Amino acid sequence: MTGEVVQGYRRPNGEVGIRNVLLVLPVAQCANELAVRCASGIDGAFPLLTTQPCAHLGEDNEAAKNCLIGWGRNPNAAAVLVLGIGCDAIAADEVADAVRETGKPVTCLTLDRCESWERVVGSGRCWLIDQARAVRGMVREAVDIADLTLGIKCGGSDATSALAGNPAIGGVVDRWIDAGGTVVFSETTELIGAEHLLMARAASENVRDDIENVVTATIERIEATGVDPRGTQPTPGNIRGGLTTLEEKSLGGVLKTGTRPIRSVFPWGGRPMGPGLHLMDCPANVPQLLLGWAAAGAQCLLFSVGGGLPARIPSLIGTNVGGIPLLPIVKILSNPRELDARAYFDIYAGGVLEGTETMDGVGDRIWQKTLATASGEHTWLERYPLQGIQMWELLVRGPTV
Amino acid sequence: METGNDTNRTCGGDARAWIAHETDNVATMLTPGTNGDTVRLAGDAPEDLGRILLLESIPVDHKVAVRSIAPDELVIKFGARIGRASTAIPAGGYVHVQNVRSERVPGAGR
């Protein structure tokens, strides 16, 4: 124990959840309707719907399967219902078996083994109702934050997020890691121009090479579409907002990673090995990032927003449902000029720039809110009455047939 | 709700800017400033830098030089290099795409 204790749910394999999600996991789009019908009206049940088709190949199917397993294994999932048709590109049984290794309750239903569509729904609902009852009996216990993984992300960035929210998060990240915890940052596309700084923080030569390789591969993928990623950054909007060079833009984002060594680079769908700071290779697209962090086993995300229109969306930019219940999100606002939007955030960091609060003071409030969130206190997004259903877009790198 | 125009700006003199790191030679305007305004520096400003006289108008969120920057000298923000000056920039001057070039985007003006 490092002394930083929160109240969490200890899973059978020793990992720690901070929420009890009854995760309903269709392995293909054709099973999405099953998932919605199974979860409908059951307390705590969440259908994680994705765009997974039959038409993806090789590495994309592999990454999607890793994600499905990763979501099931995420410690915030208390029980997992895997659903399939039976002819899916990713076998539901394989996903269920991998998730079952955690010791948490898992069941797998496929149309080909049931008499009918309605039977799948009926069986799934019965199982979930039993699980909902079991979850109600679970009690939180004292756990160490060394058992928790944080994701960090910025969006709707402007000059103020680089001056207030991001450096404050950077301080929290250092403190989290010093307490034995794990932090995952990502957004490889946003590292272009600042990769030299990150490479200098690599824990080993291999990690240094990995950072260079994922940034180079990202540049090549963008160039293959006929676009020069360096010639289009910063965008005209960024320049109007006062950002002068690509490196200035990238540096502002990298500030939230703090100062500790980077222990590894892992692919989307993967999971970091061991504590400390890690880089997940994924573009800066919010849905894919949230899926990636959830698959990586992250229990909580710190999301930094600058100002402007992105700050005025009560939910979360890039989603219409405020994220995935597997990954509670602490929203942090930096721009002092966004007075009305402050209600949509858990933390207002702009007091640093107004001279009413110190950077350490803001960092400490982010720290305390993160610990409280881990112990069960709801975030703004968990309180906000969200509407609608989201089909989560998977990361696809190869051709579709 | 305000849009780009900050109505909080103080006329006749006082603007504010933020230094992210003590080694920076630029600061970010927290309010808009006009030629002749005095800029009060906040953040990680070293003691020898108190106030800067603005030599031109600078929008909020844009950068002001807090020391004179020679042609080809590194422009430092967050304690790290964000580019090189393409011309001499006096303290109090407006630092942006017209006088800074990226080191990471060869050949581009920015």
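Colleague: Which residue stands opposite Gly84(A) in S6(A)?

Modeller: Thr110(A) does. The model is predicted, so local features need pLDDT of at least 70 and side-chain atom pairs pLDDT 80 or more, while totals for chains, interfaces and linings use all residues. Residues are numbered from 1 along each chain as its sequence is written, chains are lettered from A and ligands numbered from 1 in the order in which they are written.

Colleague: What makes S5(A) and S6(A) a pair?

Modeller: Strands pair if DSSP finds at least two bridges between them. Five bridges join S5(A) to S6 (residues 106-110) of chain A, and the two run parallel. S5(A) and S6(A) therefore count as paired. On S3 (residues 21-26) of chain A, the link to S5(A) is also parallel, with six bridges. There, Val24(A) has Leu81(A) as its bridge partner.

Colleague: What counts as a strand or a helix here?

Modeller: Both are DSSP runs, numbered from the N terminus: helices are H or I with at least four residues, strands E with at least two. Chain A has 14 helices and 14 strands.

Colleague: Why is S5(A) called largely enclosed?

Modeller: A residue is buried if 20 or more other C-beta atoms, placed from the backbone, lie within 10 Å of its own; it is exposed at 12 or fewer, and partly exposed in between. Eight of the eight residues of S5 (residues 77-84) of chain A are buried, so the rest of the structure largely encloses this strand. Across chain A, buried residues make up 54% of the 401.

Colleague: What makes the unit of S5(A), H3 and S6(A) right-handed?

Modeller: The test has the strands pointing away from the viewer: the path from the first strand over the helix to the second must run clockwise. The β-α-β unit of S5(A), H3 (residues 92-100) of chain A and S6(A) is right-handed.

Colleague: How do you know that S8(A) is largely enclosed?

Modeller: Seven of the seven residues of S8 (residues 149-155) of chain A are buried, so that strand is largely enclosed too. Thr149(A), Gly151(A), Lys153(A) and Gly155(A) point one way; Leu150(A), Ile152(A) and Cys154(A) point the other way. In a regular strand, side chains alternate between the two faces of the sheet.

Colleague: Which strands pair with S8(A)?

Modeller: One is S9 (residues 182-185) of chain A, parallel over three bridges. Here Gly151(A) stands opposite Val184(A). Another is S12 (residues 300-305) of chain A, parallel over six bridges. Here Leu150(A) stands opposite Cys300(A).

Colleague: Where are the domains of chain A?

Modeller: Domain 1 is 21-136 and domain 2 is 145-383. The bounds come from an automatic or database domain assignment. Over C-alpha atoms, the domain centres are 29 Å apart. Contact means C-beta atoms, placed from the backbone, within 7 Å.

Colleague: How many residues of chain A touch chain B?

Modeller: 21 residues of chain A are in contact with 27 of chain B. H10 (246-254) of chain A and H5 (159-163) of chain A are the elements giving two or more residues to the chain A side. The largest share, four residues, comes from H10(A).

Colleague: Why does the radius of gyration of chain A agree with a compact globule?

Modeller: The radius is taken over C-alpha atoms, and the globule rule is 2.2 Å times the number of residues to the power 0.38. For 401 residues the rule gives near 21 Å, and chain A has 21 Å, so the two agree.

Methods: Two residues are in contact if their C-beta atoms, placed from the backbone, lie within 7 Å.
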